[in-house]
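Hi,

Here is the structure I promised to pass on. Have a look at it first, and then read my notes below.

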Amino acid sequence: MKRFLQMLFFALLAAIAVSAVVFVFPSFHKYNKIQKRYIHSKKDLKKQTDECIVLRSKLSNIKNSTPEIEKIAREKFNYCKEGETVYKFNSNSKIKDITTNNQ
């Protein structure tokens, strides 16, 4: 009878241990995935925050600087000052080699 109770106790203990592993392991795995995602999101937030600071600084410079406004107007909208001559180059055209010998 004592041997039977010992076997029953160890069987019950083993069943509790197995069920604990079965129920706890998925939660632990899910926790690790969420933790990794949190760390990745935190790094991404830091990167986006730094980029936002840089862009706000550029915006402030553009709003308060006449040369910056002129530069953007010239580059993006092809504006020029009165009396200036603007030369445009076609970047798709092929450059001919002028060093070839004509025979």
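At what angle do helix 1 and helix 2 pack, and how far apart are their axes? Keep in mind that this is a predicted model. Helix 1 covers residues 2–64, and its packing angle with helix 2 is about 100 degrees, with the axes 5 Å apart. An angle from 65 to 115 degrees counts as roughly perpendicular, so helix 1 is roughly perpendicular to helix 2.

If you want to find the contact, look at Asn61, Ile62, Lys63 and Asn64 in helix 1, which meet Thr66, Glu68, Ile69 and Ile72 in helix 2. Sorted by class, that contact has 3 nonpolar, 3 polar and 2 charged residues.

Now for helix 2 itself. Its 12 residues, 66–77, reach 16 Å from the first C-alpha to the last, close to the 16 Å expected at 1.5 Å a residue.

Phe77 and Tyr79 are both exposed.

Cheers

Note on methods. Residues numbered from 1 in each chain as written. Predicted model: local features only at pLDDT ≥ 70, side-chain atom pairs only at ≥ 80, totals over all residues. Heavy atoms only, no water. Helix = DSSP H or I, 4+ residues; strand = E, 2+ residues; numbered from the N terminus. Expected span 1.5 Å × (residues − 1). Axes fitted to C-alpha atoms, helices over the stretch in contact; angles between N-to-C directions. Parallel < 35°, antiparallel > 145°, perpendicular 65-115°, else oblique. Contact = heavy atoms within 4.5 Å. Nonpolar A, V, L, I, M, F, W, Y, C, P; charged D, E, K, R; others polar. Buried < 20%, exposed > 50% of the residue type's maximum accessible area, 1.4 Å probe, protein only.
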